[in-house]
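Please read them with the structure open.

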Amino acid sequence: MSEEEDTGKAPDIVLFKSDIEAAAARVAERAFNETWTGASGFLGDVFGGLVGDRVKQWRTRNLVDTLAKTKNHLESKGVNIDAAKSLPMGELLVIFEGASKTDDFDLSSMWAALLSNGMNPKVDTFIDPSFPRLLASLSGLDARILKYVSDYEHLFQTYLSKAEVIWASLEKWESTDPKFLEAKETHDQLVKVLTENTEKLEMSVIDGTTQEHLSYSLSNLLRLGLLLEAKDGVSYGTLLRVDFDRDFNVKVNSRNLERVLDELRDGNRLGYETDKELLEVSKEDRFMSRIRKPAYALSGYAKRFLNACT
């Protein structure tokens with residue numbers, strides 16, 4: 001019988017080497033505005049009373065990893081950890097609780113960014129109380145889908161800004177003009193780059209993932225109000241308009257508002273129906289046949305959430 005079987009105690013797990021543990025301890029010190037002698041003892045005490053040493057060690061290791069990433073995130077923003085600001089105890093404990101419960105790389109990075117943005121003295125970041133709870137309800141696949149949609153929107157906007165300059169130039173020149181041919185070649189190269197990058201983004205989500213798992217993740221993100229079904233070329237303009245009938249009586253035109261409400265109801269319904277009506281995570285662009293794009297768009301709430309977690 002081994003010593004572990006004899007004592008019934010889980011074996012000690014070495015958390016991390018001193019550099020990473022020290023980085024985690026410095027973040028914890030600044031966040032709480034207190035001094036601690038070491039990360040392992042302090043962070044382990046945060047979860048005192050959990051069911052068993054093995055769970056406590058796993059959660060402590062996850063939190064140490066996230067806090068080390070937080071220090072790196074702050075430094076990437078030009079903030080020395082000694083200049084970082086502390087946060088209210090309640091906010092910290094909620095973030096620490098959530099960060100300790102995941103070893104998924106993408107989620108851990110989002111927890112680290114959320115904490116880092118809150119501690120950054122260079123920006124007046126308000127941590128919406130709903131954000132930690134929202135992040136705690138996401139899976140790693142959920143996080144990757146959100147990143148896919150967000151990265152695509154940024155990539156496409158970058159492409160559009162460059163393409164608009166080229167299109168404006170094409171109108172000035174004849175098709176045989178060398179400048180026209182040069183601009184068209186540049187435009188074609190942009191399309192090629194866009195195609196290659198959208199394929200990479202899509203593969204970052206679907207590679208090794210089943211359609212069933214994608215459906216459940218999309219369902220969760222729709223239900224949480226983070227995704228909306230993408231509509232090609234749809235713009236409703238003013239939701240409520242004041243019109244006049246033939247007798248010059250005032251009449252409120254609410255058709256656009258009704259369409260928006262119908263879409264919200266449809267999105268909520270899709271959030272609970274994972275077996276038949278959910279679209280795939282991407283679809284072919286209506287106007288650019290070689291480009292595949294997300295079948296969903298970020299809601300305004302999702303954009304604020306991602307801004308706080310990246």
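Notes on the model

1. The accessible surface of the protein is about 18000 Å², and 52% of that belongs to carbon and sulfur atoms (Shrake-Rupley method, 1.4 Å probe). The model is predicted: local features need pLDDT of at least 70 and side-chain atom pairs pLDDT 80 or more, while totals for chains, interfaces and linings use all residues. Residues are numbered from 1 along each chain as its sequence is written, and side-chain values use heavy atoms, without hydrogens and water.

2. The protein has 12 helices and six strands (DSSP runs, H or I of at least four residues for helices and E of at least two for strands, numbered from the N terminus). Of its 310 residues, 40% count as buried (under 20% relative accessible area; exposed is over 50%, partly exposed in between; 1.4 Å probe, protein chains only).

3. Contact means heavy atoms within 4.5 Å. Among contacts between residues at least 6 apart in sequence, 70% join residues at least 24 apart.

4. How do helices α6 and α12 cross? The axes of α6 (residues 105–119) and α12 (residues 300–308) come within 8 Å and cross at roughly 80° (axes are lines fitted to C-alpha atoms over the stretch in contact, with angles from 0 to 180 degrees between N-to-C directions). Therefore α6 is roughly perpendicular to α12 (65 to 115 degrees). Met-110, Ala-113, Leu-114 and Asn-117 of α6 meet Phe-305, Leu-306, Asn-307 and Ala-308 of α12.

5. Ala-297 lies in strand β6 (residues 296–298) and is partly exposed, because its relative accessibility is 23%. Its C-alpha atom is 9.1 Å from that of Leu-146, 151 residues apart along the chain.

Note on methods
Angles under 35 degrees count as roughly parallel, over 145 as roughly antiparallel, 65 to 115 as roughly perpendicular and the rest as oblique.
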